[in-house]
Amino acid sequence: MLDGIETVGNKLPHPATLFAILTVVVVLVSWLLARMDVSVHNAVDGERVEVVDLLSREGVQWLFTSAVDNFLGFAPLGVVLVTMIGIGMAEQTGLISTLLRAFVLSVPRTLVTAGVVFAAVMSSVASDAGYVVLPPLAAMLFVALGRHPLAGIAAAFAGVSAGFSANLLLSGTDVLLGELTIQAAATLDPEYAEGMNLAMNYWFIIVATFLLTIVGTLVSRYIVEPRLGEWKGEGVVAGDEESLTLSAIEKKGLLWAGVTLLITAALLALTIVPPNAPLRGEDGAVVQSPFMDSLVIIIVIVFFVPGLVYGIVTRSVRNDTDGVNHLSRTLESMAMFIVLAFFAGQFIAYFDHTNLGLMVSIAGADLLESINLGGFPLIILFMLFVGGVNIFVGSASAKWAMLAPVMVPIMMQLGISPEFTQAAYRVSDSTFNILSPLLPYFAVIIAVAQKYDKRIGIGSLISVMLPYAILFFLAWGAMTLGWFALDLPLGPGSPVTYEG
């Protein structure tokens, strides 16, 4: 079945071409629905939402005047290019390659996949940075082990994206979703909302972190890697320990890079650890602070400085020209991603500007309300509905901003707490991410995979990620239903039921 999905999917046009075609489709659909006077009622603000016709006079003006902004506003563009400056220095000087070989020599190979999935799940504390950092590193690690790089990319992508809402730490996601949930609950029961907190799903996401690590490891080992087979491209042959041995100059470079990393980390800590540190937020906050907003540049520094020192020690960087050339070669490899980003940016901006995504969400929520179910059937239907909406609206906070004001009160009236509604939302919002071409970082993953095999297309990626999506949803969904049945607290003072 997966081979069939890959074959059909890879017969689709190049991803950049596909985004261009979809952009044209959105324009034509907006024109048609506007002619049909299609609209939906938004219960949140009481307004009717109408389709914006992109072929009207104002629409055509917007198409021409917004093109550059759509490209520059494509969420991953700046994050990817800036992050690659740091990673590029570490990669081009040989630091990453040396670290990976040292890692392979010191860590049992049976734990590598689990380590990749766990690190990827945990990366959501750094917001979207995990999408940029972990898949390429996992690919290089798997090649060093003689394993297929796409298997490494898939394991990292599954953890970062399908496990986005799980973590052992609270992150910006908890703040964004929690504030929207509390606000929505207050519309029905202000007194109950006052007792809610932003850590309402904390116990739930801790358990989910270990569950997804186990499931992701098993899917990689028993489904994805056997299907991909052995890696026939360039790389170190598995079991060839001699080729993994580090030279004296490489060991010296690692030593000085490690010392540099410690010094860099200590200096960065001064910006966040002291109570009055410059990167702390209001009242000394850490989760919601300039520090969290600065994680991309912090990652650049953490990679760039040790990478530069390693290059100086190993003589791969003899002067500033060598350093600039290293960075240039890294950004040259991102040319395909930049092309993809232009067309993907236009498509996502068009889809948002026409209100098509908002209308799909509102219509689906209205349908869910009209069915009038309760208990397990309602929870399951709600989770499937969120997964469907996720195909059209990629941003977790944007979706919840649309759905929470409608769905939280509905579920409360049916005896389900706002805390549990948010937890169920997080499950579907995360697990279906890896199947949505509207996910901004989907294009990033394809670009990384094509560095190893130019033939890899949308079909290849979806066929590899589908087992993760299905089994993550089934396992995490079963855990959610079990949590509800056992009436366990989701977090500090956060029940699964509501008795208003």
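Predicted model: local features only at pLDDT ≥ 70, side-chain atom pairs only at ≥ 80, totals over all residues.
Local features are given for pLDDT of at least 70 and side-chain atom pairs only for pLDDT 80 or more, whereas totals for chains, interfaces and linings use all residues. Residues are numbered from 1 along each chain as its sequence is written, and side-chain values use heavy atoms, with hydrogens and water left out.

**Helix 9 and helix 20**

- The axes of helix 9 (residues 172-186) and helix 20 (residues 418-431) come within 10 Å and cross at roughly 135°, where axes are lines fitted to C-alpha atoms over the stretch in contact, angles run from 0 to 180 degrees between N-to-C directions, and helices are DSSP runs (H or I, at least four residues) numbered from the N terminus.
- The two helices, helix 9 and helix 20, are therefore oblique to each other, a class left over once angles under 35 degrees (roughly parallel), over 145 (roughly antiparallel) and 65 to 115 (roughly perpendicular) are set aside.
- On the helix 9 side, Thr173, Asp174, Leu177, Gly178, Thr181 and Ala185 meet Pro418, Gln422, Tyr425 and Arg426 of helix 20, contact meaning heavy atoms within 4.5 Å.
- Within this contact of helix 9 with helix 20, four residues are nonpolar, four polar and two charged, with Gly counted as polar and Tyr and Pro as nonpolar.
- Arg426 and Asp174 also meet in a salt bridge (3.0 Å, N to O), defined as a side-chain nitrogen of Lys or Arg within 4 Å of a carboxyl oxygen of Asp or Glu.
- That pair links Arg426 in helix 20 to Asp174 in helix 9, 252 residues apart, and both Arg426 and Asp174 are buried (under 20% relative accessible area, with exposed being over 50% and partly exposed in between, for a 1.4 Å probe and protein chains only).

**Other salt bridges**

- The whole structure contains four salt bridges, one of them between the side chains of Asp53 and Arg35 at 2.9 Å, N to O.
- Asp53 is buried at a relative accessible area of 9%, whereas Arg35 is partly exposed at 48%.
- Glu225 forms a salt bridge with Arg147, with the closest N and O atoms 2.4 Å apart.
- Glu225 belongs to helix 11 (residues 202-228) and Arg147 to the loop between helix 7 (129-144) and helix 8 (149-162), 78 residues apart.
- Glu225 is buried at 18% relative accessible area, and Arg147 is buried at 17%.

**Ile371**

- Ile371 lies in helix 17 (residues 356-371) and is partly exposed, with a relative accessible area of 38%.
- Ile371 and Ser316 are 55 residues apart in sequence and 66 Å apart in space, C-alpha to C-alpha.
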